[in-house]
Amino acid sequence: MKDFNWENLRFFLAAVRCDTPAAAASLLRVDHNTVRRRLLVLEQDFEAKLFDKREGKYTLTAEGEILLKAAEKIEYLTIEARSQIAGRDLEISGTVRIAAPDGIATFFLAPRLAGLRKLYPDLNIELIVPHQQSKLSRREADMALTIDRPSDKKVSSEKVAEVMLRLYASETYLANAPKIEKSEDLACHELVTGLGEFDFGPVLNNVLGGHNSKYEAKVACSSIVLQLKATTAGCGVCCFADFIAQTESSLVQILPEELSFRREIWLVIYRDLAGLAKVNAVRNYLVQQFDEYRSNFS
C-alpha cells in the first residue's frame, strides 16, 4: 500500500453512514461516480470486498467492519489533534451537523437556526432528518436530538425536554364524524399515523389498551408535515406533540386528560467532539432554546 490515498477513507465513512453512493455524494458534495470510484480503489488497496451491494444499498462485509473501526479511530485522532493544534478550536467557525427526528427538526430546530447564525456568522449548520435513528451511531452528524436515550458509550447525552403528545382532529372532521366521548369511540374513526420509526401506533396501542380501544391507522404518511396536513384536511384523528399541533388552529384535542403521554428528548454529542468550541456553542444554544420553550412542550 505504498501509494495509499488516505482521502479514500473519508469516502468510505460517508458511504457507511449514508447507505448509498448517491447519498454519500450529496454529503460530500461530489458526483456519485466519484464515490463509487474511490470505494473501488479502496477495495483494490485492501484486496477485499468491503461492501455488499444490494438494491442500491451498501452494507458492510466482515472486512468492511474491520476497516470501519480503524477508520473511525483515525477520524477521532485527527479531530483530537486538530483541537489541540488549534487551541481547542477557540473560534466558532466551520460546520456542525445536527440530526433530529422529523417533528423536532421541522417545528423546533429549523425556526431557530437564524438565531444561531446571528450569534455565530462564521458557523455553518447542516440540519438532517435521519432515515433511521440507529444511523446516528455511525456519525452521520456531530450531535443529535433523539426520543430515546442512547446506550452508545461513545456519546454523552442529556435530557433537554419532555414532550406531551395527544390525539388531534380537525374541526371539520369532528363536525361530520361520530362523537368521541370515551376512548372506545375511536374504533369507528379514521386514524392517521406515520411510517416506520415515525409510526406512533405501537405506543398508542399501549396507551389505548388500558381503555379497551385499539389504534388502527387508515392513512399512513412518511413525514410529520404530511401527517399534519392530512389531519388538518379532515383525514381523521392523529397523534401529535402539542407544540406541533399548535401550529394549526383548526386542530382540536381529543380526550386530552384521558389520552396523553410524554416522550423525552435527549441531546446527544460524541464525546470526542464535546471539547470543540463550535460544538459546545451549538449545544449551549440548543439547551437555552429548550429551556425558554419548555412551557410550550407540556
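A salt bridge is counted where a side-chain nitrogen of Lys or Arg lies within 4 Å of a carboxyl oxygen of Asp or Glu. In this predicted model, D242 and R166 meet that description, with 2.1 Å from N to O, and their pairing links distant parts of the chain, since D242 belongs to helix α10 (residues 242-245) and R166 to strand β6, 76 residues apart. A search of the whole structure finds 13 salt bridges and 8 aromatic pairs.

**Salt bridges**

- Within the D242 and R166 pair, D242 is buried with a relative accessible area of 3%, and R166 also counts as buried, at 13% relative accessibility.
- The side chains of R283 and E158 meet in a salt bridge of 2.8 Å, N to O, which joins helix α11 to strand β6 across 125 residues of sequence.
- R283 is partly exposed, with a relative accessible area of 21%, and E158 is likewise counted as partly exposed, at 25%.
- K53 forms a salt bridge with E43, their closest N and O atoms being 3.7 Å apart; because K53 lies in strand β1 (residues 51-54) and E43 in helix α3 (residues 32-46), this pair ties together parts that are 10 residues apart in sequence.
- K53 is partly exposed at 45% relative accessible area, whereas E43 is buried at 13%.
- A network of salt bridges links K159, E162, R262 and E264.

**Aromatic rings and charges over them**

- F51 and Y58 form a tilted pair, 5.2 Å centre to centre with 50° between the planes, and both residues are buried.
- The charged end of K53 sits over the ring of Y58, 5.4 Å from its centre.
- Y168 and F240 form another tilted pair, at 6.4 Å and 55°; as Y168 lies in strand β6 (residues 155-170) and F240 in strand β9 (residues 237-241), the pair ties together parts that are 72 residues apart in sequence.
- Ring pairs link F108, F243, F290 and Y293 into a cluster, and the charged end of R112 sits over the ring of F108, 4.1 Å from its centre.

- Helix α11 (residues 277-297) has 21 residues and reaches 29 Å from its first C-alpha to its last, close to the 30 Å expected, and bends by about 40° at D291.
- Its buried residues include V282, F290 and Y293.
- The largest nonpolar core has 60 residues, and those with the most contacts inside it are M143, L145, V237, F240, F243 and V282.
- A second, separate core of 22 residues includes F4, A15, V16 and Y58.

Note on methods. Residues numbered from 1 in each chain as written. Predicted model: local features only at pLDDT ≥ 70, side-chain atom pairs only at ≥ 80, totals over all residues. Heavy atoms only, no water. Helix = DSSP H or I, 4+ residues; strand = E, 2+ residues; numbered from the N terminus. Expected span 1.5 Å × (residues − 1). Bend = angle between axes of the 7 residues up to and from the residue. Buried < 20%, exposed > 50% of the residue type's maximum accessible area, 1.4 Å probe, protein only. Core = buried A, V, L, I, M, F, W, Y, C linked by side-chain atoms within 4.5 Å. Phe/Tyr/Trp six-rings, centres within 6.5 Å; stacked < 30°, edge-to-face > 60°. Lys NZ or Arg CZ within 6 Å of the ring centre and 35° of its normal.
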